[in-house]
Amino acid sequence: DFLKYNKDHLQKLPCKIFEPIPLGEGAGVGWMKGADVVQIPEDYTLLDLVQVGLSSMHAAVGVVVRLREELSLVKDVPILIAVDQYNSRFTFNEYEEPVTVQSCRPIHAKELATVNAFRSMIHDNMMVGAFSHSTAVGKLRKDLPGVPADARINFPRYSVDEVAVVCHYYLRQRLIQREPFTEENWKKIYYLSHGNGAQMRWLVPFMR
């Protein structure tokens, strides 16, 4: 979806950072032999940069981090970064690192390069973070590092038009079966939930 909706813009935006991107460990294949960085030519666009990450699992993490840095330098196109379950970036995750044969160490989100690149909200880009109540971090939103004190905004319930957009998104993500998806049925979801996003997400799989 990222390339589908942003390809034209990425193709027009030239890279501004040309430092080599470090290669990481490929999932299940280890480290790349004979190389530890990938070079970025001066004629590369952000689309070329993304293609590097898609074509090489060793470069994927480094490309995501570099793309975040590149987007912070873009002035010609408005940038919006949306992060779901934003508070999960401030707690431990499901990954573990082996310490001994019989024990593992839990890994904190800040130790993951991709996550760390999208933690701070203090920058010039527009950023939206959806707070999850299922991920407890023991701190209020205003107490999280890198989060402005006035960052919280309370949103009203969805309108009919907004529910239509959300339900069609769920359809594209295959959370709803195409056969029972009709205007009448998604409006039933709206009236049952009264525009409550959490209740809508729970109800849509039952659409028949």
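The second largest pocket has a lining of 20 residues, and Phe2, Asn6, Leu80, Ile81 and Ala82 are the ones nearest its centre. A pocket here is an open set of points on a 1 Å grid over the protein atoms alone, where a 1.4 Å probe fits and protein lies on both sides within 12 Å along at least five of seven lines; lining residues have an atom within 4 Å of a point. The elements that give this lining two or more residues are α1 (2-12), β3 (80-83) and α4 (113-117). Helices (H or I, at least four residues) and strands (E, at least two) are DSSP runs, numbered from the N terminus.

Some background before the tour: this is a predicted model, in which local features need pLDDT of at least 70 and side-chain atom pairs count only at pLDDT 80 or more, while totals for chains, interfaces and linings use all residues. Residues are numbered from 1 along each chain as its sequence is written, and side-chain values use heavy atoms, with hydrogens and water left out.

**The pocket**

- The volume of the second largest pocket is about 600 Å³, where volume is the space filled by probe spheres set on grid points joined across faces, edges and corners.
- Helix α1 is the top contributor to the lining of the second largest pocket, giving 5 residues.
- Sorted by class, this lining holds 14 nonpolar, 3 polar and 3 charged residues. Ala, Val, Leu, Ile, Met, Phe, Trp, Tyr, Cys and Pro count as nonpolar, Asp, Glu, Lys and Arg as charged, and the others, Gly among them, as polar.
- Domain 1 (1-74) and domain 2 (78-155) each supply at least three residues to the lining of the second largest pocket; the domain bounds come from an automatic or database domain assignment.

**The chain as a whole**

- The chain has 7 helices and 6 strands, arranged along the sequence as α-β-β-α-α-β-β-β-α-β-α-α-α.
- Of its 208 residues, 32% are buried. Buried means under 20% relative accessible area, exposed over 50%, and partly exposed in between (1.4 Å probe, protein chains only).
- Among contacts with a separation of 6 or more, 58% join residues 24 or more positions apart; a contact means heavy atoms within 4.5 Å.

- Leu10 sits in helix α1 and is buried, with a relative accessible area of 4%.
- Beyond its neighbours within four places in sequence, Leu10 is in contact with Phe2, Leu3, Thr45, Leu46, Leu47 and Val50.
- Leu10 and Asp48 are 38 residues apart in sequence, and their C-alpha atoms are 8.3 Å apart in space.
- Val52 belongs to helix α2 (residues 46-55) and is also buried, at a relative accessible area of 13%.
- Not counting residues up to four places away in sequence, Val52 touches Val38, Tyr44, Ala59 and Val63.

- Helix α3 (residues 60-71) has 12 residues and spans 16 Å from first C-alpha to last, close to the 16 Å expected. The expected span is 1.5 Å times one less than the number of residues in the helix.
- The buried residues of α3 are Gly62, Val63, Arg66, Leu67, Arg68, Glu70 and Leu71, and their cover includes α1, β1 (21-22), α2, β3 and α4.
- Ala117, in helix α4, is partly exposed at 22% relative accessibility.
- Leaving aside neighbours within four places in sequence, Ala117 is in contact with Val65 and Arg68. Ala117 and Leu67 lie 9.7 Å apart, C-alpha to C-alpha, and 50 residues apart in sequence.

**Helix α5 and what follows**

- Helix α5 (residues 160-172) has 13 residues and reaches 19 Å from its first C-alpha to its last, close to the expected 18 Å.
- Val163, Ala164, Val166, Cys167, Tyr170 and Leu171 are the buried residues of α5, and what covers them includes α6 (183-193) and α7 (197-203).
- After α5 comes Arg174, with a positive phi near 65°.
- His194, in the loop between α6 and α7, has a positive phi of about 55° although it is not a glycine. His194 is exposed, with a relative accessible area of 53%.
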